[in-house]
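Hi everyone, thanks for making time for this. I'd like to walk you through one structure, so let me put it up on the screen.

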Amino acid sequence: MDALKVVVLAGGNSTRFAPLGDKNLFKFLGKSLVEQQLSQLKQHGFANITVIANPNSYKDIEAEARLVDETIRVIAQDGEGQAGAVQTALFGSPSIGDLLVINMNDIFTPELINNFTAKLPGLRESGRNLLTGYKVTSYFPGGYLVRNSQGFITSVMEKPGAGNEPSDYVRLVWDYFHDVNQLKSAMAEAGSQKDDVYEVALTNMMTRGQEFVMLEYTSSWHTLKYPWHVLSTMEYFLSSIPEPKIDPSAEIAESAVIKGNVIIEAGVRVFEHATIKGPAYIGKNSIIANNALVRASIIGEGCVIGFASEVARSYLRNKIWLHMNYVGDSIVDNNVSFGSTALTANLRLDEGTVAVNIKAEKIDSNLAKLGAIIGADVRIGVGVKLMPGVKIGRNSALKSGLLINIDIPDNTYADTLQTLELKPNRINIAEKSREHSAIK
Amino acid sequence: MDALKVVVLAGGNSTRFAPLGDKNLFKFLGKSLVEQQLSQLKQHGFANITVIANPNSYKDIEAEARLVDETIRVIAQDGEGQAGAVQTALFGSPSIGDLLVINMNDIFTPELINNFTAKLPGLRESGRNLLTGYKVTSYFPGGYLVRNSQGFITSVMEKPGAGNEPSDYVRLVWDYFHDVNQLKSAMAEAGSQKDDVYEVALTNMMTRGQEFVMLEYTSSWHTLKYPWHVLSTMEYFLSSIPEPKIDPSAEIAESAVIKGNVIIEAGVRVFEHATIKGPAYIGKNSIIANNALVRASIIGEGCVIGFASEVARSYLRNKIWLHMNYVGDSIVDNNVSFGSTALTANLRLDEGTVAVNIKAEKIDSNLAKLGAIIGADVRIGVGVKLMPGVKIGRNSALKSGLLINIDIPDNTYADTLQTLELKPNRINIAEKSREHSAIK
Amino acid sequence: MDALKVVVLAGGNSTRFAPLGDKNLFKFLGKSLVEQQLSQLKQHGFANITVIANPNSYKDIEAEARLVDETIRVIAQDGEGQAGAVQTALFGSPSIGDLLVINMNDIFTPELINNFTAKLPGLRESGRNLLTGYKVTSYFPGGYLVRNSQGFITSVMEKPGAGNEPSDYVRLVWDYFHDVNQLKSAMAEAGSQKDDVYEVALTNMMTRGQEFVMLEYTSSWHTLKYPWHVLSTMEYFLSSIPEPKIDPSAEIAESAVIKGNVIIEAGVRVFEHATIKGPAYIGKNSIIANNALVRASIIGEGCVIGFASEVARSYLRNKIWLHMNYVGDSIVDNNVSFGSTALTANLRLDEGTVAVNIKAEKIDSNLAKLGAIIGADVRIGVGVKLMPGVKIGRNSALKSGLLINIDIPDNTYADTLQTLELKPNRINIAEKSREHSAIK
């Protein structure tokens, strides 16, 4: 397998992921997606790996890759979209041998890599290419694989609409090309068409009679297209915790309760009458303070889950400060503080699913419970109420007491007008108090 | 005692009880008033019982009666008020023998029924009727019994006003008639007068010289005229719990504390660091979640008293969802959810007693502490503040963050206008944070 | 030392301390400043003590002095400021012997009194006077002591401005006069000048060649000029608690946790799952209720720190009622109640230091964390949010839900307008609920 070149795409702009930071740097169980994915590839013997990174987070992604292997190449993407990424990969390297193109933020079980590895010798021998089909049971707005009677893929039909599906298989990006030069020339031929050069190149190859077999994948698939996908991905990782693990340096108060599969990292402190219900992950040096409750959540490093706060089914990155808050079904990027009793509402009063504004569109998350999506470096005043599915831009501050039911852009101070009316107090409170018994 | 016919009045419209449902179906310690009262009658040997039910809850009342005895007749009331109820009973049955008329929602200690049972043989022998007098020590706005020198009741004086009381005895509805035909003809004579036909009939009988003796009652009396009476009635039932009783199927976390006379039904779960202080009743399959506190309250079935919530001196019917709430001195009908930090204020700032709007009137509850009165199927947004004594109509929803200081009708969505003002945030929060030490 | 007359100044108007009451009556660890200071003087053998009290709190101060010694004279101040106080003392007593003038609300370690006592015989012998210099390392807006080459103080330079300090010593009021008559005549000479008669008299004495030596003081100094000084003074006293001390009559629930140096007085009750983290002081008959947290704070007598409340680094005087509140870095005078979820914000969103309005000026407290300053007899509605550094006047009431970001005068009712908009609820909640599973 020495020659197989693996290109891992991690160069997207992630505009649909805003206001959250680069998705590939999000950590699950203490390791970034970059580290997780590259480790897995390395463990399976892939030795020639190139990561195409977003120029803005190139350095951070490279640092993560270094944690896995010194030989992994990290290249800043030049050009837009998936096509740009692939082109960056192709034109930045010698065009020989075979090629595997995968997405950094598509998370599969080991089943996929194992099945692919088993098929690889045959593919190399037969000179065939491979695309991966994910078996679906209901309509999914992706590209459907169309196969001929011999089982070869003849085309990819994009979003055919429910009822018009040509097969049960949606294409996942785990693409094997027997000869990188074939892809290269097909892409060159596809030319300057914008977004879908890569897809057009695939079609061109099929049209030319280059054979594509399908790798069937039926296990779980998680991706990070929209911000709320952090939550399902988190759930996947949390459910993979095999057993409780508490670092010996962690300090757990005697009256605190830790149940189920909980990972507690070094330097964590859990105070009196706090509860952590697994599955959950508590990052280094974080504090779970008195009477707090954390369940089914990831808490990053250096966080303070303050007195009487609850975090449920939420992803909190690093340096998050809570105090008497409820954070449910929410995603919070680095360095965010919540004033006392500020909270995320996670359920609509009409109990409908929660929609989120993505670019100019309102996208239904299909989630009955979804809280807030909060960018990095945000300050939330006391008593602020974040309505289901709102997004708070980076470096923004929300004045105390506000009800936030619209998205807040980056670098914004959200305020409202309240006119206090001061009148004479017609009650003598001290006197009233004397009338009452000491214990009301 | 075989022939005594007992008519239990349960047909009222309960408009003064709105937005709460039929008062006779309210459960105390797991049994509806219907079941409690009819069981007691049956235990004392009363075998010929007819319940006059409100047509709207006829089926539910019948179902409750069936739990006690198959022979109990339940009739939907035809006509208005107490008179309508009695007439329904009288004209729907053969007119022979004696008759006892009582109210389903008047709750007495067994003293009353025992004393009556002791007197019954004498009444039958002497051919006398009986009314019941409740000894009062201060003015009560009811009907006062006036007796002659021989001790026979000669009239009932309605609301004489403080200082003008003709006796110390207020009439309770526990009326015995030696001959049902006498009542029947007296009511026919009273004719079409609206509300008080029954009272007029009583007066007519006295005028005719039909003898009424008085049964004196001095023990506790609870009734359900106004919504807040649920609380005093609850207190009565809670104080009757003889000892703690926890169903073996209940799951109680080791760190949870249960003190005093608490009944915990099947399937209940009590989570870590929760406290239940008796007297209290927790209905089937309810959850008392982490760090919650329940005291001096009744919690119905299928409720979730969520994280860090307190329920104090309140009656919660079935399927109530709390989460970080305070519910104090409040009555909540079925299927109501509270968003996080929504709460009931139960004390006026001026510490005066709380008045409640009943029909067009403001009635002083004479309670220094009274929270909210909430109808069935209500959704309360996060951070909503319910002022003392407000009533929330059925099937209504309250937008997050509102201060509710007026009654909300049925089927209403309560909203308010808040205009957010978005300005540039002139602080670089990330930079500021770097200036500060990690632990603020 | 029999003849030394000690005058303790406690007569100030404390307008900069408003809305808090007389600072000298504030208790720390269960004893008022008056009792603490006079006890210390008595323990060191000072037998001739006169306290100059504010006429408004004369009786209370006298009562406190009586706790220490029957012979201590308490005089109501006649005239304004420090000069008025000293004049009251001087002209109300025979003018013989020597005199020590000190402030009731300047708190020193025993070092000062010990050093002074050691020097006293020499002063008496040499006929010299003494002022006290506090060594500072950065600019302090006070009076700087200027000394000549022999070490005698030649003048006091008021607020020279940073960079212009004539020495490292700021004058503290611990002034010794060898002959009271010298001061008396110097003050008479200073005449009718208003505020600074006493300072002018000192200068006059120096000019005449009456010798003043300096007592150097280098240990901690706390004073109560501004309201927030209560917090630093509290910290000083709390840090002096040598070991935990729980009165045997206190009732502590088994699941409650008490850590560190905590003093718990008689009749205190600590309920289930509460935590007290030392250093802390809990006054007589106070309740720390379920799931509450108190840390680094003083709680006075008869307080109720209700369910799920946190008090952090705060001074609560007597009869304070909390319930689900956060009180942080705040000072609360007697008889104040907080409605549920009302809270003090203690950190600005921009993380700047908190300024407070003192008379017509905005004074920077130089504190990054400062909550509210609340006068006596205040009622705070549910959900009220007090912004950092606001002052709430005495006998005022704040309507539920308000955001208080301005100071509230005494005797005020703070209100705001919220117009509820009632619309039809277009959802059938009961039906919706049936669609959902029992456990959402």
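**A helix crossing and a chain contact**

Let's start inside chain B, where α5(B) and α6(B) cross in a right-handed sense. Do keep in mind as we go that this is a predicted model. Helix α5 covers residues 180-190 of chain B and helix α6 covers residues 197-207, and their axes come within 8 Å, crossing at roughly 115 degrees.

So who is touching whom? From α5(B), the contact uses Gln182(B), Leu183(B), Ala186(B), Met187(B), Glu189(B) and Ala190(B). Facing them from α6(B) are Val197(B), Tyr198(B), Val200(B), Ala201(B), Asn204(B) and Met205(B). Sorted by class, this helix contact has 9 nonpolar residues, 2 polar and 1 charged.

Now let's move on to chains B and C. How many residues does each chain bring to the contact? Chain C contributes 35 residues and chain B contributes 37. On the side of chain C that touches chain B, the elements giving two or more residues are β41 (420-424) and α8 (429-435) of chain C. Of the elements there, β41(C) gives the most, with 5 residues. The make-up of that side of chain C is 12 nonpolar, 17 polar and 6 charged residues.

Last topic: how the two chains are related. Chain C superposes on chain B by a rotation of 120 degrees, with 0.0 Å of shift along the axis and an RMSD of 0.1 Å. That, friends, is the relation of a three-fold axis.

Key. Residues are numbered from 1 along each chain as its sequence is written. Chains are lettered from A and ligands numbered from 1 in the order in which they are written. This is a predicted model: local features need pLDDT of at least 70, side-chain atom pairs count only at pLDDT 80 or more; totals for chains, interfaces and linings use all residues. Axes are lines fitted to C-alpha atoms, for helices over the stretch in contact, and angles run from 0 to 180 degrees between N-to-C directions. Helices (H or I, at least four residues) and strands (E, at least two) are DSSP runs, numbered from the N terminus. A crossing is left-handed if the near helix is turned anticlockwise from the far one by less than a right angle, and right-handed if clockwise. Two residues are in contact if their C-beta atoms, placed from the backbone, lie within 7 Å. Ala, Val, Leu, Ile, Met, Phe, Trp, Tyr, Cys and Pro count as nonpolar, Asp, Glu, Lys and Arg as charged, and the others, Gly among them, as polar. Copies are superposed by least squares on the C-alpha atoms of residues with pLDDT of at least 70 in both.
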